[in-house]
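The following explanation is intended for a reader who meets this structure for the first time. Please keep the sequence and the model in view while reading.

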Amino acid sequence: MSRLIVVSNRVAPAQEGRPAAGGLAIGVYDALKEAGGVWFGWNGEIGSEAGKPTIETRGNVTYATVGLSRRDYDQYYRGFSNATLWPAFHYRNDLTRFDRADYEGYMRVNGMLARQLQKLVRPDDLIWVHDYHLIPFGKACRELGMRNPIGFFLHIPFPAPEVLHTIPPYATLLKALCSYDVVGFQTDSDLQSFTDIVQREFGGQLLGNGMVHAFGHRFKAAAYPIGVYPDAIAKAAQQNASRKQVVGLRDNMRERKLIISVDRLDYSKGLAERLQAFERLLLDSPSLAGHVSLMQIAPPTRTDVQNYQSIRKNLEAEAGRINGRFAQLDWTPILYLNRNYERNLLMALFRAAQVGCVTPLRDGMNLVAKEYVAAQDPADPGVLVLSQFAGAADQLPGALIVNPFDLVQVADAMRRALSMPLVDRQQRHQAMMAVLRQNDLSVWRDSFMRDLREVVDRDDALTLRVMAQPAAFARPGVPVRLPASTLS
């Protein structure tokens, strides 16, 4: 039986009692834990050249990790991945910085990681590559002669063509994406941006059923919105509701209501705008003073990148300014927590909050939105205020959808959420839970893997027909090419 090999920039399994990981790590770990297989990538260590992968097995998951040199880390990770691709893909061209040496390091590290994986791969393994750090990884594997089925999933947004153009080597990156057997995106909008540029600028052809022909290769491109396990989250939220931290929070809040937000400390999350919207709420509804608090949990990330240091200082200043303006002796308007909390505790905190506020300026999916909904008490659920620019907005019809750049609209949604009648809250929660159950994490994983297998099987069948009657498959101007996954 073929193994599933997951490849991501960082191998970071979510573990009991550990701080909550990001959306990619949570999704990958939960999917891989259920199916079993190998998780390959960087181990988070910096300083030495990558050597033979370190192998560790826990349960039915094998972790294969390598280190990065300081030069590789600076160029591949801090440089091109997070100073060029991340801001551009999140529509922040004002923050994008391109350095050719960083780009060369990005390509070099992808090639190095492909060579390390080659030592571990069996002929019948399925390889699933994740996120923007590893766009060239599949092409590098092909150049090494690896013929395994290889799929790619992008967890962050895929930008419109005009934004993608701001990345100088965008054509090379697109060609690399088109070398995979399946390319997956979070939303139909991301998929549309991808197929638009492939068609308009590079002569790509849409063949039906998601199949694309571009750069001499046939592959499938589709949207696979990542999900959660809502019933498991609900159970964890209920089981952890009596923990000391949660009980202490409820005691301190007394009869006051709580709005909760949990985001990595990142400029794409709309953190300062959210605090300012809460300030607007207090200005427009002075009767709420002393009766509602906003808890903003913002775990630090990429602390060695200057932009992120500036974000933290700005957010601390905004929270302090707003608290200084409105605080009372027995009430703090904004509870700002710049630290990590383990996942089960977060689920219980979600359950304790009457409003979840998830208002990124741009996000691929945002699993926090789905986790907040799943964590609610169905008898007395809270209300989700959600940005229209989060992929989750397409799947959560019961949320109050807002434009995060409109502070008055966000404040009005907070006010509406705080006063929403019980019956309305219950109906909205039930509708969203039904969607979450129908599109849980296993659906995301299984639909992607099904398509990966089907595309490869279809190519195998096509290869046999082409070999038997090559002239029958010839088209003017398009050379007959055997699928890469079947060549030896």
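The paragraphs below proceed from the overall composition to the sheets and then to the packing of helices.

The model is a predicted one. The protein contains 16 helices and 16 strands. Of its 488 residues, 57% are buried.

The description of the strands may begin with an open sheet of 10 strands, whose order is β3-β4-β2-β1-β5-β6-β7-β10-β9-β8. The pairing in this sheet is mixed. Which strands stand at its edges? These are β3 (54-58) and β8 (205-208). Each of the two has a single partner strand, so one side of β3 and one side of β8 are left without a neighbour in the sheet. On average, and with direction ignored, neighbouring strands of this sheet are turned by 25° against each other.

Strand β1 (residues 4-10) pairs with strand β2 (residues 37-46) in the parallel sense, over five bridges. In this pair, Ile5 stands opposite Val38 in β2. A helix also belongs to this part of the picture: α3 (residues 100-118) lies across β1, β2, β4 (61-68) and β5 (126-130). The direction of α3 is at about 140° to that of β4.

A further open sheet consists of six strands in the order β13-β12-β11-β14-β15-β16, and its pairing is parallel. From one strand to the next, the twist averages 20°.

Leu386 stands opposite Ile401 in β16. Helix α10 lies across β11 (257-262), β12 (292-297), β13 and β14 (355-358). Relative to β12, α10 runs at about 175°.

The packing of helices against one another remains to be considered. Two packed helices are described by the angle between their axes and the distance between the axes. Helix α10 (residues 271-284) crosses helix α14 (residues 407-418) at roughly 65°, and their axes come within 8 Å. This crossing of α10 and α14 is right-handed. On the α10 side, the contact is made by Glu273, Arg274, Gln276, Ala277, Phe278, Arg280, Leu281 and Asp284. On the α14 side, the residues are Leu407, Val408, Val410, Ala411, Met414, Arg415 and Leu418. The residues of this contact comprise nine nonpolar, one polar and five charged.

Another helix pair is formed by α6 (residues 170-177) and α7 (residues 188-202), which pack at an angle of about 110° with their axes 12 Å apart. How are α6 and α7 oriented to each other? An angle of 65 to 115 degrees counts as roughly perpendicular, and α6 and α7 are therefore roughly perpendicular to each other. The crossing of α6 and α7 is left-handed. In this contact, Tyr170, Ala171, Leu174 and Leu177 of α6 meet Phe194, Ile197, Val198, Glu201 and Phe202 of α7. The residues of the contact of α6 with α7 divide into eight nonpolar, no polar and one charged.

Key:
Residues are numbered from 1 along each chain as its sequence is written. This is a predicted model: local features need pLDDT of at least 70, side-chain atom pairs count only at pLDDT 80 or more; totals for chains, interfaces and linings use all residues. Side-chain values use heavy atoms; hydrogens and water are left out. Axes are lines fitted to C-alpha atoms, for helices over the stretch in contact, and angles run from 0 to 180 degrees between N-to-C directions. Helices (H or I, at least four residues) and strands (E, at least two) are DSSP runs, numbered from the N terminus. Angles under 35 degrees count as roughly parallel, over 145 as roughly antiparallel, 65 to 115 as roughly perpendicular and the rest as oblique. A crossing is left-handed if the near helix is turned anticlockwise from the far one by less than a right angle, and right-handed if clockwise. Contact means heavy atoms within 4.5 Å. Ala, Val, Leu, Ile, Met, Phe, Trp, Tyr, Cys and Pro count as nonpolar, Asp, Glu, Lys and Arg as charged, and the others, Gly among them, as polar. Two strands pair if DSSP finds at least two bridges between them. Buried means under 20% relative accessible area, exposed over 50%, partly exposed in between (1.4 Å probe, protein chains only).
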